[in-house]
Amino acid sequence: MFLINCPFCGEREQSEFKAGGEAHIVRPKQPTELSDDEWAEYLFMRKNIKGIQFERWNHAHGCRKWFNMVRDTSNDQIKAIYKMGEKPPVK
Amino acid sequence: MKNKYSIFSLIKNAFSYHENWQKAWGDPKPKKEYDIIIIGGGGHGLATAYYLAKKHDIKNIAVVEKGWIGGGNTGRNTTIIRSNYLWDASAGLYDHALKIWEGLSQELNYNVMFSQRGVMNLAHNLQDVRDLKRRTHANRLNGIDAVYLNTEEVKKFCPIINTSQDIRYPVLGGTLQRRAGTARHDAVAWGYARGADEMGVDIIQNCEVKGIKRNGDTVEGIETTKGFIKTKKIGVVAAGHSSVIANMAGLKLPLESKPLQALVSEPVKPIIDTVVMSNAVHAYISQSDKGELVIGAGTDDYVSYSQKGSHDIVEGTLSAILELYPIFSRMRMLRQWGGIVDICPDASPIISKTSIKGLYFNCGWGTGGFKATPGSGDLFAHTIANDEPHKLNAAFNINRFVSGDLVDEHGAAAVAH
């Protein structure tokens, strides 16, 4: 368990949040043009990084807003938090 | 040649104060080259090496393990064995494993303490009842023993369950697989290690894989903390770290690695002689031969390799346990731990070739891999040796995420994720 600094509400317990998985997976612009391989890549394939990972989180039991997080998955330390649409901080 | 374990060897060794037992497996230095290298010395990896040597007559095999054998999820799970999965493909896979379990102690000459004490899955709402009845019918069509029990029959089979209808999630019924049960997890790893070692497999511990060397789309070997080892075939059985190995080879897998927790209580006299699982309230419980209650909690919903889970997950499981088994209200918990499980989007495993020649993956077992250990090893060995899947694991290929032919077992996986 760890604390998360929601960009809208401030510091809360992780149990208030819902993890939304890997961030910055771009939705296909033309879904009808996609091959099966590209669909598999978009829907299922994940980097699942051990180390610094970019993620989406939702403050499900709070403001219910989505935001992004940079987190070290090997020790659960949060490196940065930034709002949706903002550029990710450079590593 | 290994000395056979028996009552006579036990008596004989008692005279020398058990200090002269033959080593169960060696501590070899890695050779320059192997025919096949298995990455991951857990139950599945050791079983794969064992069946490669035994059934496919390949002797120049190494198992490389980052830590010590059986020190990962093999030693961290709640040891439940069952095969009551919904779909035909899964029923074939898991029941294949269950059939091997039934003769495993004899085959390995190693007591894996396989105990067919039955596994009961409880229903707590109308949808559970429908799902479990459907699954019972599906199981029976596939030749898997399964019965549906009403509330009174559940109570009769496990009297300590609180079946009163005024609890938050009352017990409305359940299924029972009598051939299911538990086994001693460490013994499974040790038994396979001893068997594989006897047939000449090199088990190399404290040897972490740092890279996979490729020549175009063919593997050439692995870089490890003990140097480069050449090989033509690599079988990856790295559980939670499968994606890490895949990334070294430039592959992406449909996996997310998450912490799954379990805990045991202080040891007490026998009180529960079966395994009871509750999907809806997320609590499952059994009692080890040492007398500890073995309790399985859920996964956290975020990716983590830290082998630490969140406290609220344990709290949620224990509150459900206490409502179902008020008798345990003053029980003290002794130990709690986490393991990193690799979860597939359809809650089914991958036992498959990949787009890289000579690279095979056995992963995605998620929250329930222990039960499949012997079958998984057998089928993965077949897949590696023949460069073709066995018919029992053909459906569990990695291309199902492209074709869309998924094997959705979220219902039978029994751990919500």
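These are my notebook entries on a few features I looked up in this predicted model.

**Entry 1: a helix in chain B**

I began with helix α6 of chain B, residues 185-198. I count it at 14 residues, reaching 20 Å from first C-alpha to last. That is close to the 20 Å expected at 1.5 Å a residue. I then asked how many of the residues of α6(B) are buried. The answer is 12 of the 14, so the helix is largely enclosed by the rest of the structure. Among the buried residues I noted H185(B), D186(B), Y192(B), R194(B) and D197(B). What covers them? The cover of the buried residues includes α2 (43-55), α3 (88-108), β8 (202-204) and α9 (373-386) of chain B. Just after the helix, I found G200(B) with a positive phi of about 100°.

**Entry 2: a sheet in chain A**

Next I looked at an open sheet of four strands in chain A. I read the order as β3-β4-β5-β6, with antiparallel pairing. The edge strands are β3 (18-22) and β6 (77-83), each pairing on one side only. From one strand to the next, the twist averages 35°. I followed the pairing of β4 (residues 52-58) with β5 (residues 66-72), which runs over seven bridges. In β5(A), V70(A) stands opposite F54(A).

**Entry 3: aromatic rings**

I find 16 aromatic pairs over all chains. One of them is F2(A) with Y302(B), edge-to-face, at 5.1 Å centre to centre and 65° between the planes. F2(A) lies in the segment before β1 (3-6) of chain A, and Y302(B) in the loop between β15 (293-299) and α8 (311-324) of chain B, so this pair joins two chains. F2(A) has 12% relative accessibility and counts as buried. Y302(B), at 1%, counts as buried too.

I also noted W101(B) and F370(B), a tilted pair at 5.4 Å centre to centre and 45° between the planes. This pair links distant parts of the chain, 269 residues apart. W101(B) is in helix α3, and F370(B) is in the loop between β18 (359-363) and α9. Both W101(B) and F370(B) are buried.

Back at the two-chain pair, I saw that ring pairs link F2(A), W57(A) and Y302(B) into a cluster.

**Entry 4: charges over rings**

I checked two charged side chains. The charged end of K65(A) sits over the ring of F8(A), 4.7 Å from its centre. In chain B, the charged end of R168(B) sits over the ring of Y169(B), 4.3 Å from its centre.

**Entry 5: a loop residue**

Is D405(B) buried or exposed? It counts as exposed, at 56% relative accessibility. I place D405(B) in the loop between α10 (400-403) and α11 (410-413) of chain B. From P345(B), D405(B) is 60 residues away in sequence and 12 Å away in space, C-alpha to C-alpha.

Technical notes
Residues are numbered from 1 along each chain as its sequence is written. Chains are lettered from A and ligands numbered from 1 in the order in which they are written. This is a predicted model: local features need pLDDT of at least 70, side-chain atom pairs count only at pLDDT 80 or more; totals for chains, interfaces and linings use all residues. Side-chain values use heavy atoms; hydrogens and water are left out. The expected span of a helix is 1.5 Å times one less than its number of residues. Buried means under 20% relative accessible area, exposed over 50%, partly exposed in between (1.4 Å probe, protein chains only). Contact means heavy atoms within 4.5 Å. Two strands pair if DSSP finds at least two bridges between them. Axes are lines fitted to C-alpha atoms, for helices over the stretch in contact, and angles run from 0 to 180 degrees between N-to-C directions. Rings of Phe, Tyr and Trp (its six-membered ring) pair if their centres lie within 6.5 Å; planes under 30 degrees apart count as stacked, over 60 as edge-to-face and the rest as tilted. A charge sits over a ring if NZ of Lys or CZ of Arg is within 6 Å of the ring centre and within 35 degrees of the ring normal.
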